[in-house]
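Subject: Handing over the model

Dear colleague,

I am passing on the structure we discussed, and the notes on what was found in it follow below. Please keep it open beside you while you read.

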Amino acid sequence: MRVFRSVKDLGNLDAALKEAFEIKADRFKYQELGRNKTALLIFFNNSLRTRLSTQKAAMNLGMNVIVLDVNQGAWKLETERGVVMDGDKSEHLLEAIPVMASYCDIIGVRSFATFESRENDYNEKILEQFIQYSGKPVFFMESATVHPLQSFADLITIEEYKECDRPKVVLTWAPHPKALPQAVPNSFAEWMNAANVDFVVTHPEGYELDPQFVGNARVEYDQMKAFEGADFIYAKNWSCPGVTCPEDYGKVLSKDMSWTVGKRQMAVTNNAHFMHCLPVRRNMIVTDDVIESPRSLVIPEAANREISATVVLKRMLEALK
Ligand code: AN0
Ligand code: CP
């Protein structure tokens, strides 16, 4: 595997899940694979889980790890080609990428949507340059449009906790004070469409996800209706994807607190498990009692980030040989 951005990059999903459970049972099984190989993790944005779980995954495989917080200590990077660099940016991405790549074997990049331009975000302007100019395998640690390590961990978690063969999984929008990217719901939709689940998306009008990710998934605008009989509730806020109205891209269209996931909605589910990628704002996205309930999976879900990252790095190391 040279690039990890999509569920398609894993090939057969059942085989990938099998590998994940094999690693979960013995996470140091492949500790010779990464000997004298270096993973470089580059963060343009904050992170708790991705930063720690991916480092742990690399260490499970015997790799060396370098972590760079670009905005804390490195030079401010210009990303546009052709500009006269007379402002506050001291270095261009076009030099920085090959330099960073020269010190490592595999690169992970976190670079969120900036919401400045839908076109730039949805064309993955930053990540595409890493793929093009680094000459190294690149995995996405939440890009402008996707968060595949999260969705893979989510799928592993659903597989572990499902109580029937084909569970009903509901992705629900929930309110948040600030504009958030669509990366998590985009990837979650893409991965659920590929998995053996009955998948439903619910959100207020205007929050329609990009068709390249949501595909033909069922969309139900009535949240209570969507929750009926659900086995898993996956909550997340996202800002306007700009599908129906491009000029609203990245805007907060609603802060409707009736969408906050609470007891009222959970009562109509099939005693559903609650999921969220974290970090979560309590009593905006989900009430204290629901996130603290025995059916909440937020902690095991986060723990599975180590497993998804170990599988991805393992496959990238195997492809280096
Ligand atoms: C980010 C987001 O919504 O994409 C990261 C989630 C994993 N969340 C925040 O910025 C709060
Ligand atoms: N879920 C997730 O990616 O968390 P962080 O932003 O803390 O890495």
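This is a predicted model: local features need pLDDT of at least 70, side-chain atom pairs count only at pLDDT 80 or more; totals for chains, interfaces and linings use all residues.

The partner of Lys 125 is Glu 80, with which it makes a salt bridge whose closest N and O atoms are 2.6 Å apart. This pair ties together distant parts of the chain, since Glu 80 sits in the loop between strand S4 (77-78) and strand S5 (91-92), while Lys 125 belongs to helix H5 (residues 125-134), 45 residues apart. Glu 80, at 33% relative accessibility, is likewise classed as partly exposed.

Other salt bridges

In total, the structure contains 21 salt bridges, and I describe a few others here. Arg 218 and Asp 198 form one of them, with 3.8 Å between the closest N and O atoms. Here too distant parts of the chain are linked, with Arg 218 in strand S10 (residues 218-219) and Asp 198 in strand S9 (residues 198-202), 20 residues apart. Arg 218 is partly exposed at a relative accessible area of 48%, and Asp 198 is partly exposed as well, at 27%. A further salt bridge joins the side chains of Arg 282 and Asp 288 at 3.0 Å, N to O; Arg 282 counts as partly exposed at 40% relative accessibility, as does Asp 288 at 31%. Beyond such pairs, there is a network of salt bridges that links Glu 19, Lys 314, Arg 315 and Glu 318.

In helix H3 (residues 93-101), the buried residues are Leu 93, Ala 96, Ile 97, Met 100 and Ala 101. Viewed down the axis of H3, these buried residues fall within an arc of 125 degrees, and so they line one face of the helix.

Strand S6 is mostly covered, with five of its five residues buried. Ile 106, Gly 108 and Arg 110 point one way from S6, whereas Ile 107 and Val 109 point the other way, and all are buried. S6 pairs with S2 in the parallel sense over five bridges, and within this pairing Ile 42 has Val 109 of S6 as its bridge partner. S6 is also joined to strand S7 (residues 138-140) by three bridges, the two strands running parallel, and there the bridge partner of Val 109 is Phe 140.

His 176 is found in the loop between strand S8 (168-173) and helix H7 (183-194). Is His 176 buried or exposed? With a relative accessible area of 7%, His 176 is buried, because the cut-off for that class is under 20%. Leaving aside residues up to four places away in sequence, His 176 touches Asn 237, Val 252, Lys 255, Arg 281, Met 284 and Ile 285. Of these, Arg 281 makes a polar contact with His 176, side chain to side chain, at 3.2 Å. A polar atom of the His 176 side chain also lies 2.9 Å from the backbone oxygen of Lys 178. The C-alpha atoms of His 176 and Trp 238 are separated by 8.2 Å, although the two residues are 62 residues apart along the chain.

The two ligands

Around ligand 1 are Phe 112, Glu 142, His 147, Leu 180, Pro 181, Lys 236, Cys 277 and Leu 278. An oxygen atom of ligand 1 lies 2.6 Å from a polar side-chain atom of Glu 142, and Lys 236 places a polar side-chain atom 2.7 Å from an oxygen atom of ligand 1.

The residues surrounding ligand 2 are Ser 47, Leu 48, Arg 49, Thr 50, Arg 110, His 147, Gln 150, Cys 277, Leu 278 and Arg 305. Thr 50 has a polar side-chain atom 2.6 Å from an oxygen atom of ligand 2, and for Arg 305 the corresponding distance is 3.0 Å. Arg 110, one of the buried residues of S6, has a side-chain N or O atom 2.8 Å from an oxygen atom of ligand 2.

With best wishes

Definitions and conventions: Residues are numbered from 1 along each chain as its sequence is written. Chains are lettered from A and ligands numbered from 1 in the order in which they are written. Side-chain values use heavy atoms; hydrogens and water are left out. A salt bridge is a side-chain nitrogen of Lys or Arg within 4 Å of a carboxyl oxygen of Asp or Glu. Helices (H or I, at least four residues) and strands (E, at least two) are DSSP runs, numbered from the N terminus. Buried means under 20% relative accessible area, exposed over 50%, partly exposed in between (1.4 Å probe, protein chains only). The arc is that of the directions from the helix axis to the C-beta atoms. Two strands pair if DSSP finds at least two bridges between them. Contact means heavy atoms within 4.5 Å. A polar contact is a pair of N or O atoms within 3.5 Å; within protein, one must be able to donate a hydrogen and the other to accept it, and residues adjacent in sequence count only if both atoms are side-chain atoms. A residue is near a molecule or strand if one of its heavy atoms lies within 4 Å of it.
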